[in-house]
Amino acid sequence: MILRMAGDADGTQFTLLGAETTVDQRGLAAYYRYPDGLQSCWVRANMITSADGGATRDGRSGGLGAAGDRALFGTLRQLADVILVGAGTVRTENYSGVQFDAARRAARQRAGQAEVPPIAVLTRTGRLDRECRLFERTEVAPLILTCTDSVADTRARLGDVAEVFDVSRARPGSVDLPAVLDLLAQRGLYRVLAEGGPAILGALIAESLLDELCVTVAPLLVGGPSARIVTGGGAVATRMRPAAPLTDADGFLYLRYLRADDPR
């Protein structure tokens, strides 16, 4: 349905979103599929926010979700070759390795992917507790992506439970995001799903490395000190274009934005 705003001099039209069609699990995977024939990394971020812009509830993003968001979360993981996340989010959200049922494993096998994608953790210091769920509840060794200043110590502490890489390039005390994506591409991990946190997403945006942003808007007002889904010092204006949004019976809104120069 199209609404024309009476008296609007520029003739702007607004589309009133309807619910003419439904999308099942298979349709959801088709809707969110990555581009075909990738030879370099395609970086998709998936975040959730409240209706008033809060990225967390009671300190965790998981406090904002419901059944539909969890279903989408699982589908986006199913489609990805690797899950990219910051060390702070691993600690806050108590990350484990990816857990898939038989149906998702079979779907990945049909797509020519490993049954379970690894978690790749960005950490400048390498300070991760080797007793945490990331290392103890996983089928695939995590990838720990750190810098020159920390790589030796990190390998000494975590090398038997993870693969540890130096991705700092010119700055030995920093993680270089283009180097991260080059490493993932060399390993054939082209379909990247970034799950946060806000500083990691901000850094990807600042370096124009984000190809796609998926945002779940929860029908909640949280107020308080909750941060945005993106933080950081760099300010950019990367033009994006929206794909058709989805909604569900609980009133969640699932938005998807692609870079404006993406031909799909």
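These legends describe close-up views of a predicted model. Residues are numbered from 1 along each chain as its sequence is written, and side-chain values use heavy atoms, without hydrogens and water. Local features need pLDDT of at least 70 and side-chain atom pairs pLDDT 80 or more, while totals for chains, interfaces and linings use all residues.

**View 1. Helices α2 and α4 cross.** The axes (lines fitted to C-alpha atoms over the stretch in contact, with angles from 0 to 180 degrees between N-to-C directions) of α2 (residues 67–79) and α4 (residues 102–110) come within 10 Å and cross at roughly 35°. Helices are DSSP runs of H or I with at least four residues, and strands are E runs of at least two. In contact (heavy atoms within 4.5 Å) are A71, G74, T75, R77, Q78 and L79 of α2 with R104, A107 and R108 of α4.

**View 2. V121 lies among the residues with the most contacts inside the largest nonpolar core.** Such a core is a set of buried (under 20% relative accessible area, 1.4 Å probe, protein chains only) Ala, Val, Leu, Ile, Met, Phe, Trp, Tyr and Cys residues joined through side-chain atoms within 4.5 Å. Beyond four places in sequence, V121 contacts residues including V85, L128 and L145.

**View 3. Strand β12 is largely enclosed by the rest of the structure, because 5 of its 7 residues are buried.** Pairing requires at least two DSSP bridges. β12 (residues 253–259) is antiparallel to β9, with 6 bridges, and to β10, with 3. Y257 stands opposite L213 and is also the bridge partner of P242.

**View 4. β11 and β12 form a hairpin.** Their antiparallel pairing has 2 bridges, with L246 opposite Y254. Of the 5 residues between the strands, G251 has a positive phi of about 85°.

Technical notes
Buried means under 20% relative accessible area, exposed over 50%, partly exposed in between (1.4 Å probe, protein chains only).
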